[in-house]
Amino acid sequence: MLNRFAKEVILNNPSHVIIMGGTNDAYCCTKADCVLSNIKEMVELALQHSIMPIIGLPIPCNDSFEETLLSQYREKIREFAIINNVVYIDFHKEMADRTGSKLKPALHCDGIHPSVAGYRKMADTAISSLIKITSNFTIYKPSKADYPCLIKIWEDSVRATHNFITEEDINYYKPLILNNYFDAIDLYCYKDRTGKIVGFIGLDGDKVEMLFIDPAMRNTGIGKKLLTYAITKYNVIKVDVNEQNEHAVGFYQRMGFRIVNRSDTDACGKNYPILSMEL
């Protein structure tokens, strides 16, 4: 799975990926730490490419020896997911019988592989989980009352990603953005399940003027959702990016943008090279 991940997941540029494995590892007597290491690497690869990873806990196996190993895998995987705030789907719980160590009779064909009914059960579980995950967020137009929250996200994000910008320049840009730029563009915010704003995008016609995510929520797919929203709903095709912000440049390239021009200075004449990109 890890060897196939770049070709079969990253190249397809999905918004989410469900990562579930372990049964074949159990039959190969692979140690739990090795299985977890592979899953962690896939999670990290997904996050690096702005894909939201979702871990699936593997279903039961009726072979008691392999199931003993699988139970160790699940325990470590669940612990990793909880500690690192990675969403997981408990396929095991949905497929296990009352003992918790075997597949429900109607849901397997050989004690290892799901039957047609078993695959339907897994599909239903995945779909209901994805609906819950995606419905926990919403995009909306903010009011002036939201500006203090937006400027805090801007400042926190800049400090986390723009290590080339000086403290003096942060203090220079901050009032301009708060008092002038926010009113001059169309803003759209991203709220989490608690109603907290965790990211926003600013548009001027067919151009992205700003896109900032709460640092605590980076690499969770929010930037991709906001940009996809802007592209599909408002036909956005342009963006200017700080050349020194390599993470942002890579993000827009993965979203299909290409560099068409370069300026040695930004719009305020400061010595921060700008890359003009188009979809």
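## Fold, pockets and a buried arginine in a predicted model

In the protein chain, 65% of the contacts with a separation of 6 or more are between residues 24 or more positions apart, a contact being heavy atoms within 4.5 Å. The structure is a predicted model, in which local features need pLDDT of at least 70, side-chain atom pairs count only at pLDDT 80 or more, and totals for chains, interfaces and linings use all residues. Residues are numbered from 1 along each chain as its sequence is written, and side-chain values use heavy atoms, with hydrogens and water left out.

The protein chain has 10 helices and 10 strands; these are DSSP runs numbered from the N terminus, helices being H or I with at least four residues and strands E with at least two. Its C-alpha trace spans about 70 × 35 × 30 Å along the principal axes. Of the 279 residues, 44% count as buried, that is, under 20% relative accessible area with a 1.4 Å probe and protein chains only.

Arginine 74 is found in helix 4 (residues 64-83). This arginine 74 counts as buried because its relative accessibility is 4%. Leaving aside residues up to four places away in sequence, arginine 74 touches Leu57, Pro58, Ile59, Pro60, Glu67 and His92.

Two pockets are described next. On a 1 Å grid over the protein atoms alone, a pocket is an open set of points where a 1.4 Å probe fits, with protein on both sides within 12 Å along at least five of seven lines; lining residues have an atom within 4 Å of a point. A volume is the space filled by probe spheres set on the points, which are joined across faces, edges and corners. In the classes below, Ala, Val, Leu, Ile, Met, Phe, Trp, Tyr, Cys and Pro count as nonpolar, Asp, Glu, Lys and Arg as charged, and the others, Gly among them, as polar.

| Pocket | Volume | Lining by class |
|---|---|---|
| Largest pocket | about 1100 Å³ | 24 nonpolar, 14 polar and 6 charged residues |
| Second largest pocket | about 700 Å³ | 16 nonpolar, 6 polar and 7 charged residues |

The largest pocket holds about 1100 Å³ of space. Its lining has 44 residues, of which Glu209, Met210, Phe212, Asp240 and Asn242 are the closest to the centre. Strand 7 gives the largest share of this lining, 7 residues.

For the second largest pocket, of about 700 Å³, 29 residues form the lining, and Met52, Asn85, Val86, Val87 and Arg193 are the closest to its centre. Elements that each supply at least two residues here include helix 3 (32-48), strand 2 (52-56) and strand 3 (87-89).

Terms used: Buried < 20%, exposed > 50% of the residue type's maximum accessible area, 1.4 Å probe, protein only.
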